[in-house]
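User: I have a model open and want to go through how its parts pack. Can you help me read it?
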Amino acid sequence: MVFEPPKRLVRALGETAPDGDDWLEELPVAAQRAVALRELTVERVQVPGGRSSLVVLVRAADGTPAVLKLAPGRARPEAERAALAHWAGRGAVQLLEPFSAEGVLLLERLHPDVSVRSLPEAKALLEAAGTLRRLWVEPPAGFPFETVAERTGRQTEAMRARAQAAPEVAPLVDVALAAREELLAAPPEHRLLHGTFRQSKVLAGERMPWLAVGPDPVVGECAFDLARLVRDRVEDLIAQPSGAATTRRRVKRLAESLDVDQERLRGWTLFRAVESGVRAGRVGRPRDAELLLEFASWL
């Protein structure tokens, strides 16, 4: 089988490596090698797939359905492996191969086309939040993960640079950076977090109704993880005349349901929305940037 990377993956990797990507060029051969080494039978490449990895639906030699995932080093696949191993299937997809070639993960097969996002909005938020709660555990000793302070520190540098290049975003960037400084002054807990959690990251499974996939794990406070869920379906929120009020109610409801401080959740939601918005503007996605920055202005 020829492993053709989905257009969505090619486009997303082009944003992070505009001068070319050796990993993408070598991907077809790497995928063939990973399949042959494990004696897997390929069913299909998942399309449209993710923005940072190639996902292939396969069957093991004994017929067990599985997922083969290949990701470049900058997507931190080894951190993903470590987090999945620590969760051991509790709330997240099961790792079938604890140790393997760098950048290659063999995972439990879920239902790739059925995510929590397919549910009505209120039910989707409830199920997603319940899944996320199960992931918030003590990190392993000597954990190999970034902290929230480290990750947002890197992001802060890029945000400041963008504010200089595009002065119209500078006021929101200043507010977001001030919120980050205040939030990092006294973090209330130290938990292993999914890192990029949203409704589309929760898939239907057999072991449990819903399981999380695709973490970019980080260690820090729970409000940081929950913040990305607040802006799910942002296009629908922006289209509503009452979008701002709906957003504030969502912050309150999610904070209360998961015992997270409402103001800390609001602050991290603001920071993460502004960071995503300025990044979208930097890589040439002006519509996404506009939506995210308008959303952030409501907070």
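User: Let's start with H9 and H10. Is their crossing left-handed or right-handed?
Analyst: The crossing of H9 and H10 is right-handed. Keep in mind that this is a predicted model.
User: Which residues make the contact there?
Analyst: H9 contributes Val251, Lys252, Leu254 and Ala255. From H10 come Gln262, Leu265 and Arg266.
User: And by class, what does that contact have?
Analyst: The contact of H9 with H10 has 4 nonpolar residues, 1 polar and 2 charged.
User: What about the angle between H9 and H10?
Analyst: H9, residues 243-257, packs against H10, residues 262-282, at about 125°. Their axes are 9 Å apart. That angle makes H9 oblique to H10.
User: New topic, the sheet. In what order do the strands come?
Analyst: The order is S1-S2-S3-S4, in an open sheet of 4 strands with antiparallel pairing. The twist from one strand to the next averages 30°.
User: Which strands stand at the edges?
Analyst: S1 (41-45) and S4 (104-108) do. Each has a single partner strand, so one side of each has no neighbour in the sheet.
User: How many bridges join S3 to S4?
Analyst: There are 5 bridges between S3, residues 65-70, and S4, and the two run antiparallel.
User: Which residue in S4 does leucine 70 stand opposite?
Analyst: Leucine 70 stands opposite valine 104.
User: Last one: which strands does H2 lie across?
Analyst: H2, residues 22-38, lies across S1, S2 (54-59), S3 and S4. H2 runs at about 145° to S3.

Conventions: Residues are numbered from 1 along each chain as its sequence is written. This is a predicted model: local features need pLDDT of at least 70, side-chain atom pairs count only at pLDDT 80 or more; totals for chains, interfaces and linings use all residues. Side-chain values use heavy atoms; hydrogens and water are left out. Axes are lines fitted to C-alpha atoms, for helices over the stretch in contact, and angles run from 0 to 180 degrees between N-to-C directions. Angles under 35 degrees count as roughly parallel, over 145 as roughly antiparallel, 65 to 115 as roughly perpendicular and the rest as oblique. A crossing is left-handed if the near helix is turned anticlockwise from the far one by less than a right angle, and right-handed if clockwise. Contact means heavy atoms within 4.5 Å. Ala, Val, Leu, Ile, Met, Phe, Trp, Tyr, Cys and Pro count as nonpolar, Asp, Glu, Lys and Arg as charged, and the others, Gly among them, as polar. Two strands pair if DSSP finds at least two bridges between them.
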